[in-house]
Amino acid sequence: MKVVLFCGGYGMRMRNGTASDVPKPMAMVGPRPLIWHVMRYYAHFGHTEFILCLGYGAHHIKDFFLNYEETTSNDFVLRGGKAELLSTDIADWTISFVQTGIESPIGERLRRVRKHLDGDEMFLANYADVLTDAPLPSMIERFSRSDAGASMMVVPPQSSFHCVEMDEGGLVGSITAVSEMPLWENGGYFVLRQEVFDHIPENGDLVADGCAELAKRGRLLAYPYRGFWKPTDTVKERYALDEAYTRGVRPWALWEKDRVPA
């Protein structure tokens, strides 16, 4: 299945106070940017046709792949001054780079790459900035068996805050962590059918317009997941992932689990 990645936003919450036109999916986690980790996740399950919805800072993404260094994340033999790769990351990938506008909402970006989907009945979509170890085949199979127009992975709230229940006099009756409440939030991993395009207006949004309308019609399927899922909405969250990578704690890197130890 083709994978649409939304990677053209400003990523303002990731700013650290310095001027930069690097889009959020290009923030580094270990030696590779976020978008690479997301793409490796999909490729691990055999989905290697990618459509990148570019916008802000597009040249950074283009340059990364046009000048891709396989030796950064693959073993190799240096023979006669030339590197002979023992494995590769992206040799079997097909990547379409599509400029979808600087200010375009997610839904509009999706609309602008529709022709690149070749009319495929189903396709995958992702914000390109969230890492997970969710079982993608299970997600796809569950959606395939339904007649829904879209599927959205949902996860428990990630906030560390607590909600307080109190009476009219101000006496607190209970304190509950937001993460323990019976709530779910959008996890950013989608399986979609062409039907979703019927509900996204010009300059519309994928979730607020497309998914919301499908939900009203009883045609939006949720895939609840309580396993590893980490966003990178802030600099702090990105640093936490980078630090975990350095320590070798990489639950999202499912492709590494298949490697035979030396």
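This is a predicted model: local features need pLDDT of at least 70, side-chain atom pairs count only at pLDDT 80 or more; totals for chains, interfaces and linings use all residues.
Q: What is a salt bridge, and how many does the structure hold?
A: The term stands for a side-chain nitrogen of Lys or Arg within 4 Å of a carboxyl oxygen of Asp or Glu, and the structure holds 18 of them. One of these joins the side chains of Lys2 and Glu49, with 4.0 Å from N to O.

Q: Where do Lys2 and Glu49 lie in the chain?
A: Strands (E, at least two residues) and helices (H or I, at least four) are DSSP runs, numbered from the N terminus. Lys2 belongs to strand 1 (residues 2-6) and Glu49 to strand 4 (residues 49-54), so that the pair links distant parts of the chain, 47 residues apart.

Q: Which residue forms a salt bridge with Lys2 at 3.5 Å?
A: That residue is Asp118, whose closest approach to Lys2 between N and O atoms is 3.5 Å. Asp118 sits in the loop between helix 3 (106-112) and strand 8 (122-126), whereas Lys2 is in strand 1, and therefore the pair ties together parts that are 116 residues apart in sequence.

Q: Is Lys2 buried or exposed?
A: Buried means under 20% relative accessible area, exposed means over 50%, and partly exposed is in between (1.4 Å probe, protein chains only). Lys2 has a relative accessible area of 10% and is buried, Glu49 is partly exposed at 39%, and Asp118, at 58%, is exposed.

Q: Where does Asp89 lie, and which side chain does it join in a polar contact of 2.8 Å?
A: A polar contact is a pair of N or O atoms within 3.5 Å; within protein, one must be able to donate a hydrogen and the other to accept it, and residues adjacent in sequence count only if both atoms are side-chain atoms. Asp89 lies in the loop between strand 6 (82-85) and strand 7 (94-99), and its side chain joins that of Arg40 in a polar contact of 2.8 Å.

Q: Which residues does Asp89 touch?
A: Contact means heavy atoms within 4.5 Å. Leaving out residues up to four places away in sequence, Asp89 touches Arg32, Trp36, Arg40, Tyr68, Glu70, Ser73 and Asn74, and Asp89 counts as buried at 4% relative accessibility.

Note on methods:
Residues are numbered from 1 along each chain as its sequence is written. Side-chain values use heavy atoms; hydrogens and water are left out.
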